[in-house]
Amino acid sequence: MTLVDHAGTAAAIELDNRYAAHNYSPLPVVAAAAEGAWITDIEGRRYLDCLAAYSAVNFGHRHPLITAAAHAQLDTVTLVSRAFHSDRLGPFCAALARLCGKDMVLPMNSGAEAVESAIKVARKWGTDVKGVPVDTANIVVAQNNFHGRTTTIISFSDDPVARGGFGPFTPGFRAVPFGDADALAAAIDEHTVAVLLEPIQGEAGIIVPPDDFLPRVRRLCTDNDVLMIVDEIQSGLARTGRTFACEHWGVVPDMYLLGKALGGGVVPLSAVVADRHILGVLHPGEHGSTFGGNPLAAAVGTTVVSILQTGEYQDRATELGAHLHAGLAGMAGVTAVRGKGLWAGVDIDPGLGTGKQISLRLAERGVLVKDTHGQTLRFAPPLVITAAEIDWAMDRFAAALASTS
């Protein structure tokens, strides 16, 4: 019996397919409850979550400190917009700024909003501070990037699925191969205001750059008076064994873009974090968000920052990540493993099936992952996972690779 042969599951999926826009192709699993690293579907079957909502659930489903903060805030105030101050916004921004070693925070909601906001800030900084003539700024990005799916962001994507039929596109971007510092240097000119990169490319298949790449990017940005913007929306907040992935290379950007796990798996919350001479270019009326920095999200975000300050989850990602990677590397049918910490891109021998087929076989065996780019699976379990649970998942992964159904 397959997952969709269950009546309740089939009915729920049919309802989704009828009324929800088809902008995703989900696995046939209908979540009804979750705790820690486990999801329970409407039939009562349990699955080990090895995706963690694309790193939005780094600290596990329904982390007790995070849910307690959310419950407490629900009893006081949840939204006043930025038309007024709230007693939660300042403490959140101060805590996050300290965590990043920066001066200021621009709170938003989704990761894509953080990226869009950073683009606006970089262009404004270029005009007001660097002196780039109006409407001439350019931003250098990496090929095979993933920063979201808004119209401006897909303007510098090279994913044909994300772009097809959605033009015309926003100008002002130059794409170079990820990991090629020489190409990046050649793309910078007097009108370049920023370089925008993922320190490890997520959607592309967990692509780790050469060790000299990010340090060279940092030097190029400094030498050319260009902002280095690092998108840590998936890679940040302990996922790779560091608070920020760029710490693996000793790099501090001018601007951090954060999201996903910042909301603790409870609320949408993102942020642009930078020093005052950068974020200070924004003035009232030039940018905004009704829900950005709302009291509920700020209370959750403050709790997330406090959890990160202990270092527990960074250590877990380092130790358990080594365990995960060791298990994956020795797997028959796996042709490559990339990543850091509890984040791995796993290439599958095409003779064994596509990434989507293997992810379906894994779901049948109680493990949830997601495919990308045909033959790659992404493993990114909540950081509360145990070594025994990783071993359990690896046993089922081996069985899925060995099976034809």
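Buried means under 20% relative accessible area, exposed over 50%, and partly exposed in between, with a 1.4 Å probe and protein chains only. T372 is buried, at a relative accessible area of 5%.

This is a predicted model: local features need pLDDT of at least 70, side-chain atom pairs count only at pLDDT 80 or more, and totals for chains, interfaces and linings use all residues. Residues are numbered from 1 along each chain as its sequence is written, and side-chain values use heavy atoms, with hydrogens and water left out.

**T372**

T372 sits in strand β14 (residues 370–372). Strands (E, at least two residues) and helices (H or I, at least four) are DSSP runs, numbered from the N terminus. Neighbours within four places in sequence aside, T372 contacts E203, G205 and R378. Contact means heavy atoms within 4.5 Å.

**Aromatic pairs**

Rings of Phe, Tyr and Trp (its six-membered ring) pair if their centres lie within 6.5 Å; planes under 30 degrees apart count as stacked, over 60 as edge-to-face and the rest as tilted. The count is six aromatic pairs. Two of them are tabulated.

| Pair | Centre distance | Plane angle | Class |
|---|---|---|---|
| F59 and Y313 | 5.3 Å | 80° | edge-to-face |
| F178 and F213 | 5.5 Å | 70° | edge-to-face |

F59 and Y313 link distant parts of the chain, 254 residues apart. F59 lies in the loop between α2 (52–55) and α3 (64–74), and Y313 in helix α12 (residues 312–329). Both F59 and Y313 are buried.

F178 and F213 also link distant parts of the chain, 35 residues apart. F178 is in the loop between β6 (173–176) and α8 (181–187). F213 belongs to helix α9 (residues 213–223). F178 counts as buried at 16% relative accessibility. F213 counts as buried at 1%.

**Helices α13 and α14**

The axes of α13 (residues 355–364) and α14 (residues 387–402) come within 9 Å and cross at roughly 125°. That makes α13 oblique to α14. Axes are lines fitted to C-alpha atoms, for helices over the stretch in contact, and angles run from 0 to 180 degrees between N-to-C directions. Under 35 degrees is roughly parallel, over 145 roughly antiparallel, 65 to 115 roughly perpendicular, and the rest oblique.

I358, R361 and L362 in α13 meet R396, F397, A400 and L401 in α14. By class, this contact has five nonpolar, no polar and two charged residues. Nonpolar covers Ala, Val, Leu, Ile, Met, Phe, Trp, Tyr, Cys and Pro; charged covers Asp, Glu, Lys and Arg; the others, Gly among them, are polar.
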